[in-house]
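Me: I am new to this structure and would like to know what the terms used for it rest on. Please set each value against its definition.

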Amino acid sequence: MTLWLTRLVSIAAVLCPQTARADARPVPPQMAPATEARIDVVAARLRALVHEPGPEAGRVVTQAVRGGLPPAVLAVLLDVLREHPRLDLLPVVRALASDRRADIRGRALVAFAELGGLHAIAAIEAAADDVDPRLRQLAWALAQRHPSAAADELVRELMARDARLAALQGASS
Amino acid sequence: VIARLAALLLALGSTGACRVTAMPVDAPAHGNMALLAESSCRPGAAACVPADAEKTRRHDPLVVLIEERGLRAVEPDAGLVRWWRPLPVVGHPVADASTVFVPLRGHELAGVDRRTGEVRFRVPLPGEALTGLTATGSMVIATVVGTPRGRSEIVALSGADGRVRWTRASDARLGTPAANKKVVWVPQDQQVVGLHRRTGREVARIDLPAALDGRSVEQMSVQDRALVAGGKDAWFDVRSATNGRGAASHAVEPGYADVFALRSGMDPGHGDDERTRMWIGFPDDAGAPRDAVLLGRRAVVSFRLGPDGVPSRARWAWLAEDRREVVALDVGAHRVSLIREDGSLVVLCRNTGEELDRLSGGSAARGALLLDMGHTPVPGDARRRVPDEIVRGQLVRVLSDTDPRLVPAQKLVARVLWRADDADARRTVRALARGELRGEPGEAADVLRAHALELTRGAWGAEAPQDVQGVLLALARRPSFARGEHPVLAPLAREVARSGHPEMVPHLVEHLLHPATRDTDLTEIASALVAVAHPSAVEGVATFVRRYHADAHVVYASRALQLCIDYLAAQADAEEHGGPEAKLARVVLEEVWRDPFTEPSLRAHVAPRLPRSPAPDTDDIPPELPAVSHLGL
């Protein structure tokens, strides 16, 4: 289990190295230092809210994400949600699974899959259909972490369609 | 020798050179205000003059002005009064090659020599009131009501002396007849009856209950090969119905002007309603776009009419410089002739609207019969087209005039501007809808604003339905690795912007929010949403802006976010929408401006677009930080 989790984190790191660690991100162009400082504050607050039980915390997080947050904050939030999956934040995770940034999408799908069961299958299916090859690679990793007959079928179909990924996985195994 | 003579005679006969009959059969009827069918000739094409037009061109053009005290005939080429005759005219005179037939007060009909003005005959008409007249080679046909034998009667009189040749009674209400060489066509409620011209024997009967949407046929029009039965703003093309080329039933989008006068059984004479009328041209191909000319009192607008009866591209517009109205319009093959209420004549080039001639009037005219006008080609006119920006200027001039009498013409102008593939043209209509143009108080401005609002809520452009369907199908495809779908959206988005169909907007929004949409496509999609400006996209665009306003990568990858801000600003400004969409747009703009995480260049873009609030002095982050504060910080 720990091995797969490590692989997932490494794939996420490949997807977006600058957001793999919140404190390692570059400053976006023209971003005011005061704003940059607030990213850490907001990320820390969101992390605390995710750990906070009760619907009110979930509502605040949902509202914050709906209003829009910098990718660095979203990355932190999704990493926390991967570690502490919350079903009441499913809409947040699903919304971020269609973000334009592949790194956010990848993190969201990982967090989505961590909810288990049908959510994991839906996350694998979404990753397998993604136009970004790195996300399709993530589908394979998610299927290994959340094994099921449906996940196996999805991966089989993916490998049949994506020769490059099939070759890559064949070489690595 | 006999064989050679026979061959010569046959050749002469086939070219029409030995034709004895010189009477034209297409005499203009009812002051030329009614629908006139025409051949497929394009103005300026010298080789396509219809045979009948060629025949009528043997006669000098003549303008017969209907004045309060009589008739005045003017030679437009020379600018001279040819004759004046004190006759109590009621109804609409008609003419053939030699005679002007004039309905008179007291239910009489006079035959006036076209050349000299001499009254050849003056005879009583049967019945109590005249419905309509038509002249056809040596005969004049009248439909009347209130006869002892029945409700209505068709009377054929000699064009030479006014003697009755034949009559036919009818229980049904009759309309204005028309005739060709052998047959007189008479509208009879929802039927058209064909009568032999010489004997009055019935030779044809056509049922049209569905063709005109249940309305009565008011008028027949025969010219060249066209036989048209019309009522108000709809008509039935008998030729198309019989040869199967194109649809037979047609209608003009209502609300601008009638094509056919509504007689309701009696000819009321030249009335006020004739000063707002639409002329339609008929091409050979019934499915092809038609030329149309709208007379709207002081304005004349030439435009194309789509097969769906909706006005499309404007060709030119003319506006009288003073307050006098136009009382008669004649559209010839090459020229458009206008008679104004002071009796003056204005001749315009049919192709360009350029003023070719002007003849000052003598006394007030309430109508006119224009004979053999407009068939002389305009030198250098062939293939000329008025540049779009000039036409737009002419249209805006019509639209900007505060004269309330121009409302029908202005509604049409707004319609064609909205259908133009030109963003500037659309902006004019939006300005009208918002009250930025014609913002003055008054009923006319209110009517125009309401019309513009209705237009801006719908599609713009003039796309064919099958093209729209094709674009919709292409837009319905989403990027998918599994299905191998990688749609190229930029051309589709441009197509949406061009056609402006609201049903395409949800697809655009979905592509805007789809993570796999390319950055270049994103810009085109946002541009299309700005162009279409439909409020249904507000929610999706708001989601997009909220989601990415703090993402520098997305902000700099394309112009989509800036364009989405433009779209929201336009929606927030749209007072007419005043609903949840406008409110949401305002909220999102405000949020994005206030959010400390908003990418600075985007905030600078938002700042001047904040609706109905004082423009911020600075682009700096405002002191309040709601995005942070709502997290309890």
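Me: How many bridges join strand 2 of chain B to strand 3 of chain B, and what makes two strands a pair?

Reply: This is a predicted model, in which local features need pLDDT of at least 70 and side-chain atom pairs count only at pLDDT 80 or more, while totals for chains, interfaces and linings use all residues. Residues are numbered from 1 along each chain as its sequence is written, chains are lettered from A in the order in which they are written, and side-chain values use heavy atoms, with hydrogens and water left out. Strands are DSSP runs of E of at least two residues, and helices are runs of H or I of at least four, numbered from the N terminus. Two strands pair if DSSP finds at least two bridges between them; strand 2 (residues 71-75) and strand 3 of chain B are joined by five and run antiparallel, so they count as a pair. One of the bridges sets Leu71(B) against its partner Arg85(B).

Me: What makes strand 3 and strand 28 of chain B edge strands?

Reply: Four strands of chain B form an open sheet in the order 3-2-1-28, with antiparallel pairing. Strand 3 (80-85) and strand 28 (365-371) of chain B are its edge strands, as each pairs on one side only.

Me: Why is strand 8 of chain B called mostly covered?

Reply: A residue is buried if its relative accessible area is under 20%, exposed if over 50%, and partly exposed in between, with a 1.4 Å probe and protein chains only. In strand 8 (residues 129-136) of chain B, eight of the eight residues are buried, and therefore the strand is called mostly covered. Strand 8 of chain B also forms a hairpin with strand 9 of chain B, with two residues between them, and Ser138(B) in the turn has a positive phi of about 70°.

Me: How do you know that Asp551(B) and Arg101(A) form a salt bridge?

Reply: The term asks for a side-chain nitrogen of Lys or Arg within 4 Å of a carboxyl oxygen of Asp or Glu. The closest N and O atoms of Asp551(B) and Arg101(A) are 2.6 Å apart, so the pair qualifies. Between chain A and chain B the count is two salt bridges. On the side of chain A that touches chain B, helix 3 of chain A gives the most, with eight residues.
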